[in-house]
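My notes follow in the order I looked.

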Amino acid sequence: MPHIDALFRKMIEVGASDLHMTSECVPMFRLHGEMIPVDGQGPIPAEQMEQILLEIAPDLNQKQFLEEWDSDFAYEIEGLARFRANLFMDRKGPGAVFRQIPSNVLTAEQLNLPKVVLDFCQLSKGLVVVTGPTGSGKSTTLAAMIDHINKSRREHIITIEDPIEFVHQDQRCRINQREVHRHTGSFKRALRAALREDPDIVLVGEMRDLETIEIALETAETGHLVFGTLHTNTAASTVDRIIDQFPADRQSQIRTMLASSLKGVVAQTLCKRVPRGRMAALEILVVNTAVAANIREGKTHQIPSAMQIGGKLGMKLLNDSLLEYVKAGLVDPAEAYLKAINKEDLITKFNENSIKVDFNAHADEQAKAAPATKPGMPASSAPAAPKAPLPQQPAARPPTPGAAPAPAPQKNYSDPFEQFKKKQH
C-alpha cells in the first residue's frame, strides 16, 4: 500500500476536504474550511516527499513533474474515494494538494439545488456556465446536474476534464468521459472532436482559453447543450470575461453569439455553515429577452438590475442568497459579509432586517468550533500551549576605544529548493 494512503484514509475519517503536503513541514488538512495539522505527523524531508508523491503518480505525470515542476492527475483508492492531485515545486522542495472527490456523485436533492438550476438540465441546446473561485464546489454542482440528466433523459453525454473527477455510470444516458493529456491532447482538440461524436450534451471542465470558448459557443449554437466552468465571481463578470477573451474587432460578433446561445449562469461561493461544515450560496442568471439585449448592446452593467426584477424566473443575486442563509441561521453575518462581492449592498440589507455584524463574535465562534473540541477529532487541532519565553541574550560589550570594528555576522542562508535540485543531480 502506498505510504500516502494512510493519510487519505485519515482524511476521509475526519471529513477533511483537502490534504496539503509541503516539504519540511507537517501535512495539513482543510476541515470545514480551516487548515489544521495532521495529528501524529511530523515534518517530511524533501527527498522523502518526492518518493511519497511519485509513488502514486502515473508514469506520464512523473515525467511531466520532473521536467516542468508541476502536474495534475486523479488518484483513486477503490471503495474509499477519488482524489484530484496537483504536484508542484516550491522553495522548500516537492509539494502537493489533494482534493477529495466522493466515490458517489452527490445528487441534486442532496445539494438542495433550486428548481431553476434543474431547469437548465432540461434544455436542448445553449450554453450554461457554472462559475466561482477555486474550491467553491463547481465540479460538485456540475456532477449533480449531469447525474440529474443521466437519470431523467436519454442522451449522449461527453465530458472533457482535467483530470476526470466524478465518475459517472451509464443509467439512461451513454456517458463518455475524456481526460486531457491522457485521452486527448487539449480541451479545444477534444471539443472539436466531440462535434463528430454525435453528442447531445458536452461538459467542458474548464473554458481556459479563447479557442476553447469559441468552439464551446459554436457547439452551443449548432444545437447542442454545453456546460462549462469559469473562475469568475458574479454572473455579470462571467459575461464580461467571455467577451473580453476576444480581440476588440470581434467582440461585437461575440456579443451577438453569446446573447443567442447563453442560457444561464450559476455563480457560487462556499460559506462556513453554523455550527460547522460548508454550504454554497448561489447567484443565478437566467438569460431572458432583457438580459440578451443587455449582452448584445454591451450593457452588461445593467444585468444585476435585470436580475433583481427577474425573481419569478428564478434569478437571484449573491447578496439575496447570503441574506436568506443569515436569516435562517445557517451562516454567520460576519461570514456572509466576508464572502459578499457588493459589501455595501449587503450591509444595507442587514440594516433593513435589523441584522448586526459582530466580527469579534464570529472569531470567537470559529475558535469554539475548532475541530479538537469535537470527540474523535485530531488533538493537534487544539489550541497550542503557550510557548516558553526565549532565553535572554547577553548584552553586547561596548567597543574598545581605538579597536577595529567587529565584522558583521555572516548569514548562513541557502535556498532549500536549490539544495534539493543539487542533490537530484
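**Salt bridges**

I started with K151, which forms a salt bridge with D147; their closest N and O atoms are 3.0 Å apart. This is a predicted model, and I read it as such. Both residues sit in helix α6 (residues 138-152), four residues apart, about one turn of the helix. Are the two partners buried or exposed? I found K151 partly exposed, with a relative accessible area of 41%. D147 is at 8%, so D147 counts as buried, the limit for buried being under 20%.

Next I looked up E214. Its side chain meets that of R250 in a salt bridge, 2.6 Å from N to O. E214 belongs to helix α8 (residues 210-221) and R250 to the loop between α9 and α10, so this pair ties together parts 36 residues apart in sequence. E214 counts as buried at 17% relative accessibility. R250 counts as partly exposed at 22%.

Which strands does the E34 and K272 pair link? I placed E34 in strand β3 (residues 34-37) and K272 in strand β12. The two residues are 238 apart, and the pair links distant parts of the chain. The N to O distance in this salt bridge is 2.4 Å. E34 is partly exposed, at 29% relative accessibility.

I also noted a network of salt bridges that links D162, E206 and R208. The count for the structure comes to 19 salt bridges.

**The sheet**

I then traced the open sheet of seven strands. The order is β9-β8-β10-β11-β7-β12-β13, with mixed pairing. Which strands are at the edges? They are β9 (174-179) and β13 (278-286), and each pairs on one side only. From one strand to the next, the twist averages 15 degrees.

I checked one pairing in detail. Strand β7 (residues 126-131) runs parallel to strand β11 (residues 225-230), and six bridges join them. Within this pair, V128 stands opposite F227 of β11.

Two helices came next. Helix α9 (residues 235-244) packs on the sheet and touches β7, β11, β12 (262-272) and β13. The direction of α9 makes about 125 degrees with that of β12. Helix α10 (residues 251-261) lies across β7 and β12, at about 80 degrees to β12.

**Cysteines**

How many disulfides does the structure hold? I found zero. C25 is partly exposed, with a relative accessible area of 21%. C121 is buried, at 0%.

Technical notes
Residues are numbered from 1 along each chain as its sequence is written. This is a predicted model: local features need pLDDT of at least 70, side-chain atom pairs count only at pLDDT 80 or more; totals for chains, interfaces and linings use all residues. Side-chain values use heavy atoms; hydrogens and water are left out. Two strands pair if DSSP finds at least two bridges between them. Axes are lines fitted to C-alpha atoms, for helices over the stretch in contact, and angles run from 0 to 180 degrees between N-to-C directions. Contact means heavy atoms within 4.5 Å. A disulfide is a pair of cysteine sulfur atoms within 2.5 Å. Buried means under 20% relative accessible area, exposed over 50%, partly exposed in between (1.4 Å probe, protein chains only). A salt bridge is a side-chain nitrogen of Lys or Arg within 4 Å of a carboxyl oxygen of Asp or Glu.
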